[in-house]
Amino acid sequence: MIATPGAAAQVTAANAAMKDKIGFFPIPGKRADQPGAVFTGGSDLVIPTAAANPDQAYTFIKELTGDEWQKKLAVAMSYVPNKTTLADALASDPGAAAMAVGAANGHATPNSPNWAAVEANNPIKNYMTQVLTGADPAVAGKAASDSIAKTLNASS
């Protein structure tokens with residue numbers, strides 16, 4: 001299954017017999033010694049122009065994205081911290097640790113207002129599933145790439 005560690009927790013919560021049968025690894029790359037490139041990032045943290053307390057908002061964002069809170073969030077939420085140098089906080093969480101290995105070779109999603117539509121259609125997950133079930137990677141990759149390009153280039 002291609003999913004985050006939280007999905008594995010849902011599986012084992014529904015079926016305890018699966019507890020010792022699920023493992024984690026980063027998305028494979030072209031070479032055995034390097035994971036594949038993955039998307040990194042997530043939510044954007046912004047302070048609205050009309051914020052009543054922009055200085056406090058800035059302090060909050062600065063603290064939240066600082067090393068101390070990134071480590072705490074990583075442990076509490078099975079969350080990959082915002083810096084590769086903080087990945088050691090995940091040593092006791094094999095799922096998040098595998099995600100952190102992949103994230104070290106990651107890239108941000110495209111800066112496009114249409115990216116949410118790409119994720120809603122999810123051609124990337126379809127591509128990975130197709131390849132893992134025997135499809136030709138080049139053919140499946142071209143179909144996914146064409147779908148992504150069409151969605152990103154659509155009028156918003």
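**A loop and its neighbours**

Author: Let's start with Ser78, which counts as partly exposed because its relative accessibility is 23% (buried is under 20%, exposed over 50%, partly exposed in between, with a 1.4 Å probe and protein chains only). This is a predicted model, where local features need pLDDT of at least 70, side-chain atom pairs count only at pLDDT 80 or more, and totals for chains, interfaces and linings use all residues. Residues are numbered from 1 along each chain as its sequence is written, and side-chain values use heavy atoms, leaving out hydrogens and water.

Ser78 isn't a glycine, yet its phi is positive, about 55°. You'll find Ser78 in the loop between helix H3 (67–77) and H4 (helices are DSSP runs of H or I with at least four residues, strands runs of E with at least two, numbered from the N terminus).

On one side of that loop, in H3 (67–77), Lys72 lies over the face of Trp69, 4.5 Å from the ring centre (NZ of Lys or CZ of Arg must be within 6 Å of the ring centre and within 35 degrees of the ring normal).

Asn122 sits in the loop between H5 and helix H6 (123–132), and is partly exposed at 28% relative accessible area.
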